[in-house]
Amino acid sequence: MIFAGLGFAQLAAIFGIAGAAVVGLYVLRLRRRTVAIPFSPLWQRILKDKDATTLFSRLKRLLSLLLQLALLALLVFALGDPRAAATLVKGRTLVVLVDASASMQATDVSPNRLEVAKNEVKAMIRGLGGADRMLIAQMDAMVTPLGPMSGDTSELERALDQVKATDARADFPRALRFATDTLRNVELGEIVVVSDGNLGPALDASGPVHLGDDKLSFVSVGKGKRNVGITQFSVRRYPLDKSRYEVMLEVTNTGPEQQDIELSLLGDGNVVDLTKLRLMPGERLPRFYPNLSGASRTLEAKLANVDGTHDELPADDHAYALLPERRRAKVLVVTEGNTYLEAALLLDEYLEVTQVTPLDYVNKHASGSGFDVVVFDRVTPATPPRAHALYLDPRGPGSPVKVDAELTAPGFDKIDRKHPIVRFTALDDVNVAHGHKLVPDVAAGDKIVGAFGGTSPILVSGSRGAYKFVALGFDVRDSDLPLRVAWPLFLLNTVNFFTDEDARYISSFRTGDVWRVPVSTQATEATLSLPGGGTERVPVHEGRAVYLGERAGFYELTAGDTAATPEQPAPISGANKTAFAANLLDAEESTIAPVPELVVDGKTAGKVEGFHVGVRREIWIYLLLAAVLLTALEWATYHRRITV
Amino acid sequence: MGLLESLRNSFSRRSDAGGSRGDEDLFDDDFQRKLDYLAIVSRRVFAGRMRAERRTKKTGSGVEFADHREYQPGDDFRYLDWNVYQRFDKLLLRLFEEEEDLAIYFIVDASGSMAFGTGEKLRYAKRICAALAYVGLANLDRVCIVSTSDRVMMRMAETRGKARIFKVFRFLRELESAGTTDLGDALKTFVAQHKRRGLAVLISDLYDPQGFERGINVLRYNKFDPFVVHVVDKTEEKPKLFGDVLLYDCETGDEREVTVTPKVLARFREEYEKYIHDIDRFCATRQVPYVRADVSVPFDELILRVFRRGGFLR
């Protein structure tokens, strides 16, 4: 027997003091209430019989005192928290990993898998042995311990209540490494995984996870398999008509049965398309929605079963995307006259074009400020403008790149096709009468986009200071480029390159990843508005707000110059706002068929054993129960005048 | 025992033992009106037997023949019954009953137990004594009142005439309860002090540790005509006791620890009834008029019961 609470000496001292007090109170209890009577001989006749039982009465009083002392002894003994030595030694140390990934939101079991998992863990908590210790951790994109290692059931239940489902997939290897680290050098360590089992292999960049001597147990949750989810979702505006857009979407049936579904597409909250689809078991169905209009900002995709029912995982039935914001770009064209240039810039209604002569430019717009883009057509100012600039056949000392030898009949022999300014263009067979070799400043980060013969760059992009530039080494009039579709595309791509308006598919952030959202201010902290409401402060490192996103939906990041607090967010005016969307889009996570067996490090996880619900192997509980029983006995006998 | 408990107990003892109320209102106008009514009623009840004089056992110069006795030298010849001498040749003297006023003694028990509880027993005893004394005074009898405990404590000299009732009131008002009960010793003193025999009305709760019989027997053996008015309080039969208590005799100071249970209370009630029954039987077998005066019964109703019971007046 070992006392896990107070020591024997302390218990003896407490019993001595309290026992003396009890005896004192007991003696005081014998002082009786004095009552006057008129004629005592009448009572004496009755009490003659009582005298015969005096000894028995004393014995009863002694019994009452002994009962009180026994009660006290039980309570004092309980204070010592006595335990069998064997129990203390054999106490287990458990790390319970509760899967809170998206698939645990499946409703194939009532109310959902996560709640069932929590009930399983609750049963384990209530069945903990007296010497057992447990730590509860939430396992999703990361692993979060929700409390200290403890044997206190109420503390563990409070920790369990904090487990909340996320829209991310579980990082199983990370959770296992956390558990093994926690159990390092612990005897009888046990890892309990409570999950539907869709966790992937226990393998990450550091290699496979080794469990060592730790026992692995697995509690499987869930039984359903039927699910259809959105596994891809992205959108782009058309380069030449940015009021229209194109959506790419993929739907996957991860269940074993054929599914008829209804796919809705909502633009700014209004339905813009409704499609009925039939998916075979395991089928992945990519869908393109070309030439859509009717949305300027938000785009959502929703799935529903045709028969009106819901599938068993609602988390992947909804996807979100944000269309890139459109604004009018102010373009200054400095030219003596170039019909091809003017015509091409007229194609985009979102361009606000101002055309000036080189003389007017020198007189009125020398700085170039106030414009997003300045196009210099066969003109090269002495000083670069305070704006992004496109130089067509630059010359002289004001050129951003050095202009070298003249080239005869150059062409685009080499093209950096990934560069955004040449996207969708075919420049290989452009005929040029003559041009000049451009010499990029490699140290400044200039990039050769097009080159003639491999050694003579004729199309260069780069930046000078805070502004980008693109230089074309020939006059377009000396080529057939203005007669090609590539010409307006090149111009619009360049403007978009300068104004950051991209014609690529816009993908959302993936939940479960660490997001690094660019922030253009110098703030060290930003406010993130979450999809479910509420805000959160996120740190900004090297111009990017860093946040581990675990919820699908629309986010808005505000990085104001004013320091803000959660109670008082940064003011909207003057704040720098960035909106973005986040989605699960994970076919593996959408596969909700529960896995009955978990294999890690070559070992199959066993069943959870040794938990007996409602039974605590702690002796003090029984001592307390005995004390309560004795109290009830004493109460009953006292009121029935047995022990008085 | 805590200080508070001690104070509570001592207060409890005082209040239980000496809780008598003031006696200023004991004989108020209403009471006196009742006395007049009772005096009239008593005449009607004993009509024809009350003529302001009583026949006594004494023989002497009365007109009513009582008995004969043998002539003794020195006797008055005028009382020789010559008819008897002629028939039996014996000299016998005719005896006549003397007519005289009756001596009524009221013996009021003023021991500690009479003031037990609210003190109602002593007040009730005083009112009974006053009422009976008034009837006696109204009938021109000699009335004497003594208070006793373990001895004769106070004595009101013999008096007669209705107007002396106020003297009676004054005397009774001054009575206070004290001491233990010992009717035997007290009444021995009483009979020694009062040579003239008569009616002795004992008004008491009869809580005599030496036995209630002793006092009554003293009166009987000394040729007094005892009349017992037993003052009882029903609350004493059903005391409100429960649990562990220390019983304290307000007269003797005896203490006794007891745990009162319903069973104990039931046995006490049995014992109390037995005690009352013993008194009743004792008086009945010895032809001592006995009346039980319950303090909860209206006073005038009790007095009428005394008259009806008879024996108080002859």
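The legends below describe close-up views of a predicted model.

In this predicted model, local features need pLDDT of at least 70 and side-chain atom pairs count only at pLDDT 80 or more, whereas totals for chains, interfaces and linings use all residues. Residues are numbered from 1 along each chain as its sequence is written, chains are lettered from A in the order in which they are written, and side-chain values use heavy atoms, with hydrogens and water left out.

**View 1. The interface of chain B and chain A.** The contact (heavy atoms within 4.5 Å) takes 24 residues from chain A and 36 residues from chain B. Between them the two chains bury about 3200 Å², 61% of it on carbon and sulfur atoms, where buried area is the accessible area (1.4 Å probe) lost on putting two parts together, summed over both.

**View 2. Strand pairing between the chains.** Strand S2 (residues 33-37) of chain A pairs with S9(B) in the parallel sense over five bridges; strands are DSSP runs (E, at least two residues), numbered from the N terminus, and two of them pair if DSSP finds at least two bridges between them. Within S9(B), Val245(B) is the bridge partner of Arg33(A).

View 3. Thr511(A) lies in the loop between strand S29 (509-510) and strand S30 (514-518) of chain A, and counts as buried (under 20% relative accessible area, 1.4 Å probe, protein chains only) because its relative accessibility is 6%. The side chain of Thr511(A) reaches the backbone oxygen of Asp167(A) at 2.6 Å. Leaving aside neighbours within four places in sequence, the residues in contact with Thr511(A) include Ala168(A), Gly549(A), Arg551(A) and Asn583(A).

Note on methods. Helices (H or I, at least four residues) and strands (E, at least two) are DSSP runs, numbered from the N terminus. Buried means under 20% relative accessible area, exposed over 50%, partly exposed in between (1.4 Å probe, protein chains only). A polar contact is a pair of N or O atoms within 3.5 Å; within protein, one must be able to donate a hydrogen and the other to accept it, and residues adjacent in sequence count only if both atoms are side-chain atoms.
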